[in-house]
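Subject: Structure handover: pockets

Hello,

Here is the structure I promised. Please look it over, then read my notes on its pockets below.

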Amino acid sequence: VERMQSGWRTLGARESSLWKRRVVLVQADYDDLTRELERFSVRERQRAMEEEERKELLRRTRGGGDAARHVVDIDLESGTRDSAKRSARAVEDMLGMGTAVLDAYASQRERLKSAERKVLTVLNELGLSDSMLRAVEKRHVVDKCILAGGALLTLGMVWW
């Protein structure tokens, strides 16, 4: 990534901005993959440690009578714990997807703002009246209100 960052600085202005965006995307992907790998390794280490502890407990409780009943209790608790872990992982995955969607929306918002500024600049250069520009901006505010109302309505429907 460092070589890519130093490489785009030597290119022309147009190619430089394109490569700069690509380098930023590659860096973000690298960071995401590193975090996921770290999470995975921590979970695997915990799983292996728990498995070793379980084997140790089972080895200690080999016997009859009450010991057999304890083994069954341990197995039941282990199943419950595994189910809770799967649920926690599913929640983590959902939160990750939600974060990714919000990040995508934020980047789309920035692109749309940039496009809006460009359009307004072009319209201004074409000599459209200020009243027309104000009408466009007013429509933009109304669209924001509609979006917020729709989001609240959807949230309300999901909540109840």
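The second largest pocket has a volume of about 340 Å³. Its lining counts 13 residues, and the closest to the centre are Asp32, Arg35, Glu36, Arg39 and Gly96. Helix H2 (13-60) and H3 each give two or more residues to this lining. H3 supplies the largest share, eight residues. By type, the lining splits into three nonpolar, two polar and eight charged residues.

This is a predicted model: local features need pLDDT of at least 70, side-chain atom pairs count only at pLDDT 80 or more, and totals for chains, interfaces and linings use all residues. Residues are numbered from 1 along each chain as its sequence is written, and side-chain values use heavy atoms, without hydrogens and water.

Now the largest pocket. About 550 Å³ of space lies in it. Of its 13 lining residues, Arg109, Leu112, His140, Lys144 and Leu147 are the closest to its centre. Helix H3 (66-126) and helix H4 (130-159) each give two or more residues to the lining. H3 gives the most, with seven residues. Seven lining residues are nonpolar, one is polar and five are charged.

Terms, briefly:

- Pocket: on a 1 Å grid over the protein atoms alone, an open set of points where a 1.4 Å probe fits, with protein on both sides within 12 Å along at least five of seven lines; lining residues have an atom within 4 Å of a point.
- Volume: the space filled by probe spheres set on the points, which are joined across faces, edges and corners.
- Helix: a DSSP run of H or I, at least four residues, numbered from the N terminus.
- Residue types: Ala, Val, Leu, Ile, Met, Phe, Trp, Tyr, Cys and Pro are nonpolar; Asp, Glu, Lys and Arg are charged; the others, Gly among them, are polar.

Best wishes
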